[in-house]
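Welcome! Take a moment to look over the sequence and the model, and then we can walk through them together.

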Amino acid sequence: MQTQFHNKHFITLQEWTKEEIDTLLDVSFELKRHFAMGVPTPYLSYKTIFLMFFEQSTRTRNSMEAGIAQLGGHANYLDTSTMQIAHGESAKDTAIILSRFGHGIACRNCFWGIGNKYLREMAQWATVPVINLQCDLYHPMQVLADLMTIKEKVKDTQRLKVSIIWAYATTHKKPISVPLSQILLFPRYGMDVTLAYPEGYDLPDWAIKQAEENAKANGGSLRITHNQEEAYEGAHVVIPKNWGDWVTNPDPAVINPRLEANKHWKCTEKMMSLADPDVMYMHALPADRKNEVEDSVIDGPHSIVYDEAENRIHTAKAVMTLTMGGK
Ligand code: CP
């Protein structure tokens, strides 16, 4: 078991070995058991993490704030529009100063072409771990919780048929970071991943290549289709979720002709009936109900979205414990 995580940055799970991810999962399960039993876990007493948010959040912010409190530490929530960043202060200066004040820096910055670069620049200068709370490319906190949830339900993930399916939504032009992180991570656990989307909603070529390499090295597979029915057929897990056409169209406008042409990409009971009888429905949330998914599916017997959301806190606590603690 890998145990050396102190000050390790958490920007993408692609930069964590499988052995390291297994330790993250192991600690997540232990923290979940302790939480259920009311056993205190003050592994980060008197430690401070800074939570910088360029965007809105419900799950990520609250899992981090409640999580650090349950570990005996404290979070400073930072709305970046009220920081000197709004007047142009650099990522470098912000990272160096916050490193001197506390023990971890976490950040959500999803601006296309900017977010990951911003996190990388902070990581270059920070002397404490930099934790990615979602950028334009990756959402490692979400997919770690997804993996934990799948492992709780099925134990053996080898050859599990998981379909990541684009879905119609109008709430905002969502990042590609969730599906991109899922196609990279799931094949490392031997899953047979299908990525389904209408023409134009491509993920970057480099990500597809990395996902294929991950699959080859770990006995999983990656298949791409533009037919949503095909993605549902026989699937053990379906993850229908919207993402923006950032790769082919960086315009941030939410509604465009391509989006409107694909309203029929929706998770319905009819689609679910094509899947395995015990199929599980997952979604990172927030869901655009009635557009992405019918209420009867997300509220129905196949849905595990609340277990998935709950695991955000247990995995967040594991990431903080291992990167900010130890030594
Ligand atoms: N899934 C997720 O990251 O949720 P929030 O945007 O509410 O943090």
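Which atom of Leu285 lies 2.9 Å from a nitrogen atom of the ligand? A backbone N or O atom of Leu285 is the one at that distance. Please keep in mind that this is a predicted model.

| Residue | Atom of the residue | Atom of the ligand | Distance |
|---|---|---|---|
| Thr58 | polar backbone atom | oxygen | 2.7 Å |
| Leu285 | backbone N or O atom | nitrogen | 2.9 Å |
| Gln142 | N or O atom in the side chain | nitrogen | 3.0 Å |

How much of the ligand is covered? Taken alone, the ligand exposes 250 Å², and 92% of that is buried by the protein.

Now step back to the residues around the ligand. In one stretch of numbering you will find Ser57, Thr58, Arg59 and Thr60. Arg108, His139 and Gln142 are also part of this shell, and Ala284, Leu285 and Arg312 complete the list. Sorted by class, the shell holds five polar, three charged and two nonpolar residues. Both domains take part: domain 1 (13–139 + 311–324) and domain 2 (142–308) each supply at least three residues to the shell around the ligand.

Where does the ligand sit? The space it takes is the largest pocket. That pocket has a volume of about 590 Å³. It is lined by 27 residues, and the closest to its centre are Arg108, Cys110, Gln134, His172 and Pro175.

By class, the lining of the largest pocket is made up of 11 nonpolar, nine polar and seven charged residues. Here too, domain 1 (13–139 + 311–324) and domain 2 (142–308) each give at least three residues to the lining.

Note on methods. Residues numbered from 1 in each chain as written. Predicted model: local features only at pLDDT ≥ 70, side-chain atom pairs only at ≥ 80, totals over all residues. Heavy atoms only, no water. Near = heavy atom within 4 Å. Polar contact = N/O pair within 3.5 Å; in protein donor to acceptor, adjacent residues only side chain to side chain. Areas by Shrake-Rupley, 256 points an atom, 1.4 Å probe, with all protein chains shown as cover. 1 Å grid on protein atoms, 1.4 Å probe; cavity = no way out; pocket = protein on both sides within 12 Å on 5 of 7 lines; lining within 4 Å. Sits in = over half its atoms within 2 Å of the grid points. Nonpolar A, V, L, I, M, F, W, Y, C, P; charged D, E, K, R; others polar. Domains from an automatic or database assignment. Points joined across faces, edges and corners; volume = space filled by probe spheres on them.
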